[in-house]
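The following exercises concern contacts between and within protein chains. Each task is followed by a solution worked in steps.

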Amino acid sequence: MAKIKINTDQCKGCRLCIHFCPVHHLRISEEMNNKGVLYACTDPHTRCIGCGYCYLVCPESCIEVHLLEPSETKKTHT
Amino acid sequence: MSTQYLRPSSLRHRETHYCPGCGHGILHRIVSEVIDELDIRRTTAAVAPVGCAVVAYNYWNFDCSEAAHGRALAVATGIKRVSPDLCVFTYQGDGDLASIGLAETVHAANRGERLTCIFVNNACYGMTGGQMAPTSLIGQKTATTPCGRTPDTGEGWPLKISDLLAQLPGVCFVARCALSSPKEIQDTARQIKTAFQHQLDKRGFSLVEVLSPCPTIWQKNPVEAMAWIDTEMKKVFPPGILKTP
């Protein structure tokens with residue numbers, strides 16, 4: 001299991017991460033960031049598999065993917 | 001918590017001025033990652049082009065210089081000859097490298113300068129408003145070819161710089177890759193790392209052409225622009241390794 005950290009104020013809303021995410025863990029937000037852009041955010045109904053596709057395609061490098069230890073996975077998803 | 005994908009330390013924590021979905025941001029990160037992996041941040045000098053990436057030195061956390069339009073490889077030659085131990089690379093667009101700087105490009109490659117050139121091909125002049133570049137595709141609509149590029153009216157054919165330079169004996173490594181999917185992006189990182197490695201091993205001139213999206217000028221959304229690279233650009237500029245020692 002993995003966890004994504006998005007620097008939402010840096011996001012320009014290009015939606016490449018949303019398009020390439022294989023498990024539809026990312027979606028567009030309903031609120032705007034400081035730039036007035038609808039930014040990418042995670043969907044709590046799905047789980048990140050840690051493939052890093054979002055990190056690879058993000059032109060702003062504002063996404064980080066963290067691998068979780070088994071103990072942390074339990075804590076996060078219960 | 002262990003980190004799997006983290007912003008490379010050679011990339012400054014700074015917001016870029018590029019349009020949403022621009023390939024420059026992705027390529028800046030790839031170059032920074034490769035430099036971190038090779039651990040050459042303190043012995044690297046980059047030369048930025050004129051074009052959208054003109055202020056690339058604002059984003060990279062290593063030494064950078066700026067060159068006059070098209071003259072990046074000439075400036076890089078000077079840096080390399082004065083400091084042969086430095087890893088010197090240029091980062092140039094198609095208007096900069098293939099049009100106004102063609103003479104500098106061909107002669108730097110022909111002299112076999114131990115440099116690495118990262119050639120960003122987006123088939124248009126991005127910064128100046130989308131005029132036709134030498135690499136524009138046949139039928140591509142640009143600001144200066146509103147009916148599409150037609151060779152019959154004197155606009156010529158797409159210039160394949162990588163194929164041209166691969167014939168020169170001073171060139172040791174030429175590869176063409178794209179930024180159209182996570183797989184291609186990882187492949188681009190691998191080719192750029194190989195190109196740097198050839199320079200560090202003093203083998204000769206290395207060039208990596210990267211097919212990069214320009215959603216604003218192509219008048220597509222970022223996802224469509226990625227798809228356009230796969231469906232149209234790759235037909236004219238097929239990815240692969242064109243020359244290897």
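This is a predicted model: local features need pLDDT of at least 70, side-chain atom pairs count only at pLDDT 80 or more; totals for chains, interfaces and linings use all residues.

**Exercise 1. Confidence**

Task: State what ipTM and pTM the predictor gives the complex, and what the mean pLDDT of chain B is.

Solution. Step 1: For the complex, the predictor reports an ipTM of 0.93 and a pTM of 0.94. Step 2: Chain B has a mean pLDDT of 95, with 99% of its residues at 70 or more.

**Exercise 2. The interface of chain A and chain B**

Task: Describe the interface by its contacts, its buried area and the class of the residues on the side of chain A.

Solution. Step 1: Contacts involve 27 residues of chain A and 29 residues of chain B. Step 2: The two chains bury about 2,500 Å² between them, and 59% of this area is on carbon and sulfur atoms. Step 3: Of the area that chain A buries against chain B, 26% comes from Lys12(A), Tyr55(A) and Leu56(A), more than from any other three residues. Step 4: Twelve residue pairs are in polar contact between the chains, counting pairs with both residues at pLDDT 80 or more. Step 5: On the side of chain A that touches chain B, helix H1 (16–20), helix H2 (53–57) and strand S4 (63–67) each supply at least two residues. Step 6: By class, that side of chain A has 13 nonpolar, six polar and eight charged residues.

**Exercise 3. Glu60(A)**

Task: Locate Glu60(A) in chain A, decide whether Glu60(A) is buried or exposed, and list the residues that Glu60(A) touches.

Solution. Step 1: Glu60(A) is found in the loop between H2 and S4 of chain A. Step 2: Its relative accessibility is 6%, so Glu60(A) counts as buried, the cut-off being under 20%. Step 3: Leaving aside residues up to four places away in sequence, Glu60(A) touches Gln10(A) and Lys12(A) as well as Arg7(B), Glu15(B) and Thr16(B). Step 4: With Thr16(B), the side chain of Glu60(A) makes a polar contact of 2.3 Å.

**Exercise 4. The salt bridge across the interface**

Task: Determine how many salt bridges the rule finds across the interface of chain A and chain B, and which side chains meet.

Solution. Step 1: The rule finds one salt bridge across this interface. Step 2: Its partners are the side chains of Lys35(A) and Glu15(B), at 3.3 Å from N to O. Step 3: Over all chains, the count comes to 14 salt bridges.

**Exercise 5. Salt bridges within chain B**

Task: Compare the setting of Arg29(B) and Glu33(B) with that of Arg190(B) and Asp187(B), then examine Asp201(B) and Arg203(B).

Solution. Step 1: Arg29(B) and Glu33(B) form a salt bridge of 3.3 Å, N to O. Because these residues are four apart in helix H1 (residues 23–38) of chain B, about one helical turn separates them. Both Arg29(B) and Glu33(B) are buried. Step 2: In the salt bridge of Arg190(B) with Asp187(B), the closest N and O atoms are 3.0 Å apart. The two residues lie three apart in helix H6 (residues 182–200) of chain B, about one turn of the helix. Arg190(B) counts as exposed, at 56% relative accessibility. Step 3: The closest N and O atoms of Asp201(B) and Arg203(B) are 3.5 Å apart, forming a salt bridge. Asp201(B) is partly exposed at 38% relative accessible area, and Arg203(B) is partly exposed at 46%. Step 4: Arg81(B), Arg111(B) and Glu113(B) are linked in a network of salt bridges.

Note on methods
Residues are numbered from 1 along each chain as its sequence is written. Chains are lettered from A and ligands numbered from 1 in the order in which they are written. Side-chain values use heavy atoms; hydrogens and water are left out. Contact means heavy atoms within 4.5 Å. Buried area is the accessible area (1.4 Å probe) that two parts lose on being put together, summed over both. A salt bridge is a side-chain nitrogen of Lys or Arg within 4 Å of a carboxyl oxygen of Asp or Glu. A polar contact is a pair of N or O atoms within 3.5 Å; within protein, one must be able to donate a hydrogen and the other to accept it, and residues adjacent in sequence count only if both atoms are side-chain atoms. Ala, Val, Leu, Ile, Met, Phe, Trp, Tyr, Cys and Pro count as nonpolar, Asp, Glu, Lys and Arg as charged, and the others, Gly among them, as polar. pLDDT is the predictor's confidence in each residue, from 0 to 100. Buried means under 20% relative accessible area, exposed over 50%, partly exposed in between (1.4 Å probe, protein chains only).
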